[in-house]
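Hi,

Here's the structure I said I'd pass along.

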Amino acid sequence: MTSGNLLEKILAQDLRELLVISYIVLGNNLVTNRYIERRFKMPVQAWSALYAVKTFPGIRAKEIKLLFPRPQNTISRAVSLLEDRGYLIQETSDSDAREKRLFTTLAGEQLLTELIDVSRRRQEEWLAPLSQVERKTFFELARKIAEGPNLLTSEIMK
């Protein structure tokens, strides 16, 4: 069997919606993770953590999990790596000395500019089969799922 035949068969099964979403996400992650690890010598979760810190200056490491659902220890390792490489700094909160707030450095912002550029080009690459109208619909539907109550929790899988 060819990979096309296998994909066609699996996407015709009763779990086709879950499987096609998984295939898209995992396929993109395969390409993206390999590139980021090879080019920048860091795991993909480090760049997403850097993106979160740049977007939300002063965010706490535990809050990154709200944006990029990953285990907390994975986020903590990513933050440590970014800090060790000089891409972000931690500052003690004015309101609670135990709390650390994260901020990007100039080097972190420069790295992020490059990562965002290549990510935008990658996004265009994998979205190429869709028209502009289809992209808009795809985004609206995906956002509806992302904002729904059942993505990160489950009554069925308690």
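What volume does the largest cavity have? About 40 Å³. Keep in mind that this is a predicted model, so treat the numbers as computed from it. Searching the whole structure turns up one cavity of 30 Å³ or more. Its lining is made of Gln-45, Ser-48, Ala-49, Ile-64, Phe-68, Arg-70 and Ile-75. H3 supplies the largest share of that lining, with three residues. Sorted by class, the cavity lining has four nonpolar, two polar and one charged residues.

Now the open space. The largest pocket comes out at about 2400 Å³. It is lined by 38 residues, and those closest to its centre are Val-25, Phe-68, Trp-126, Ala-142 and Ala-146. Two or more lining residues come from each of helix H2 (16-40), helix H3 (44-55), helix H4 (61-67), helix H6 (106-127) and helix H7 (132-147). H2 gives the most, nine residues.

The axes of H2 and H6 come within 12 Å and cross at roughly 145°, and the crossing is right-handed. On the H2 side, the contact residues are Ile-24, Gly-27, Asn-28, Val-31, Thr-32, Tyr-35, Ile-36, Arg-39 and Phe-40. H6 brings Leu-111, Glu-114, Leu-115, Val-118, Arg-122 and Trp-126. By class, that contact has nine nonpolar, three polar and three charged residues.

Cheers

Notes. Residues are numbered from 1 along each chain as its sequence is written. This is a predicted model: local features need pLDDT of at least 70, side-chain atom pairs count only at pLDDT 80 or more; totals for chains, interfaces and linings use all residues. Side-chain values use heavy atoms; hydrogens and water are left out. On a 1 Å grid over the protein atoms alone, a cavity is a set of points where a 1.4 Å probe fits but cannot get out, and a pocket is an open set with protein on both sides within 12 Å along at least five of seven lines; lining residues have an atom within 4 Å of a point. Grid points are joined across faces, edges and corners, and a volume is the space filled by probe spheres set on the points. Helices (H or I, at least four residues) and strands (E, at least two) are DSSP runs, numbered from the N terminus. Axes are lines fitted to C-alpha atoms, for helices over the stretch in contact, and angles run from 0 to 180 degrees between N-to-C directions. A crossing is left-handed if the near helix is turned anticlockwise from the far one by less than a right angle, and right-handed if clockwise. Contact means heavy atoms within 4.5 Å. Ala, Val, Leu, Ile, Met, Phe, Trp, Tyr, Cys and Pro count as nonpolar, Asp, Glu, Lys and Arg as charged, and the others, Gly among them, as polar.
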